[in-house]
Amino acid sequence: MNHELLGDSPRAARSAVAGFLADRGEPSYRAGQALEWIYDHGARGFDAATSLPAGLRCSLDDAFSLTPLEMVSEVRSRDEVVKHLWGLDDGERIESVLIPSSTRVTLCISSQAGCALGCLFCATGAFGFRRHLRAAEIAAQFRDAAARSVELYGRGVTNVVYMGMGEPFANTGPVLSSLEVLHEGFGLGARRITVSTVGLVPGIRALAATPGQFGLAVSLHSPDHELRLELMPVERRYPLPDLMDALREYQAVKNRRLSFEYTLISGVNDDPLLAEGLARLVSDLTCFVNLIPFNPIPSQPAWKPSPPGRIAEFAARLERRGLRHAVRTPRGRDIAAACGQLRLADAARAPASTG
Ligand code: SF4
């Protein structure tokens, strides 16, 4: 495989290109031009780099890859959410989702093809693990979806969440590298990038050790060990007390508000007493709780989203405890926009092509 420049830090990419050009006796300013094509123009190959001589474009393309993704499908919901299924070089498929609002366009990206962690409420978890994504593949989702955002909405991506397929901290090295590429290469503010985890403690500590002010969201879904264990097998390896310790450390270092995600499943984890437990659990953290009505998936036919009254009661308990929160209306339901659902639908249509 050619050297994937998008997987390098911008500094390393510049050094690799500069070395390549120097070996060919090219003027040094060409390196800056080449880098502009990667980060400012979002080129998917050097053949697009028209400010460079044609012969040099070919040589750069022979030596380096810009990791073009194949757009397998693009579906648009009634509420303007656009979901992409991307094909990777080995035939694996991953998803990203563009979610526009009046003030921003948020892009949700994948960090793995599939996922091994098996959370019961998740379509990706039901599919199982395929492989880790390389940093370049993660960054390429941003590049290609951001370009589509401009075409679709007339504006680029303003925020990124690592909340698509996969658990970012099961693939920590490439994820941290991709954060650097998005921030320092593509120029997205670190505060506009959020990594969402089910609570893998070493990854939380690794993110805390990075210099950037990246955001952290944690999928909680229950403040009770036994129930969380039923919903999320990761609770066995990193139980709530360990997770909370890591989050306190994270907040002490970063001084940033944390987000918690809590999917409300009717009759499963929506008892108002659990809201009280949740408020107690996070009482010494500066945080915000997103309450998300469960998005039905085929692997859990009996599960339903909590009814509005139940959600309101849950939210009222948090309110009484002074815990900041919001009920998130799921968007893109008509196109199966929740994590892993499009990949699942695609596999059901064409199992031979997706393994
Ligand atoms: S919720 Fe995240 S960690 Fe859990 S199975 Fe789905 S992708 Fe994996």
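Strand 11 (residues 215-219) pairs with strand 12 in the parallel sense, over three bridges. Pairing here takes at least two DSSP bridges between two strands, and the helices (H or I, at least four residues) and strands (E, at least two) are DSSP runs numbered from the N terminus. Bear in mind that this is a predicted model: local features need pLDDT of at least 70, side-chain atom pairs count only at pLDDT 80 or more, and totals for chains, interfaces and linings use all residues. Residue numbers start from 1 along each chain as its sequence is written.

**Around strand 12**
- Strand 12 (residues 258-264) is mostly covered, with five of its seven residues buried (20 or more other C-beta atoms within 10 Å of a residue's own, with C-beta atoms placed from the backbone).
- Together with helix 11 (residues 272-281) and strand 13, strand 12 makes a right-handed β-α-β unit; right-handed means that, with the strands pointing away from the viewer, the path from the first strand over the helix to the second runs clockwise.

**The two domains**
- The chain splits into domain 1 (3-65) and domain 2 (70-354), with bounds from an automatic or database domain assignment.
- Their centres, taken over C-alpha atoms, are 34 Å apart.
- Seven residues of domain 1 are in contact with 14 residues of domain 2 (C-beta atoms, placed from the backbone, within 7 Å).

Definitions and conventions
A residue is buried if 20 or more other C-beta atoms lie within 10 Å of its own, exposed if 12 or fewer, and partly exposed in between; C-beta atoms are placed from the backbone. Two residues are in contact if their C-beta atoms, placed from the backbone, lie within 7 Å.
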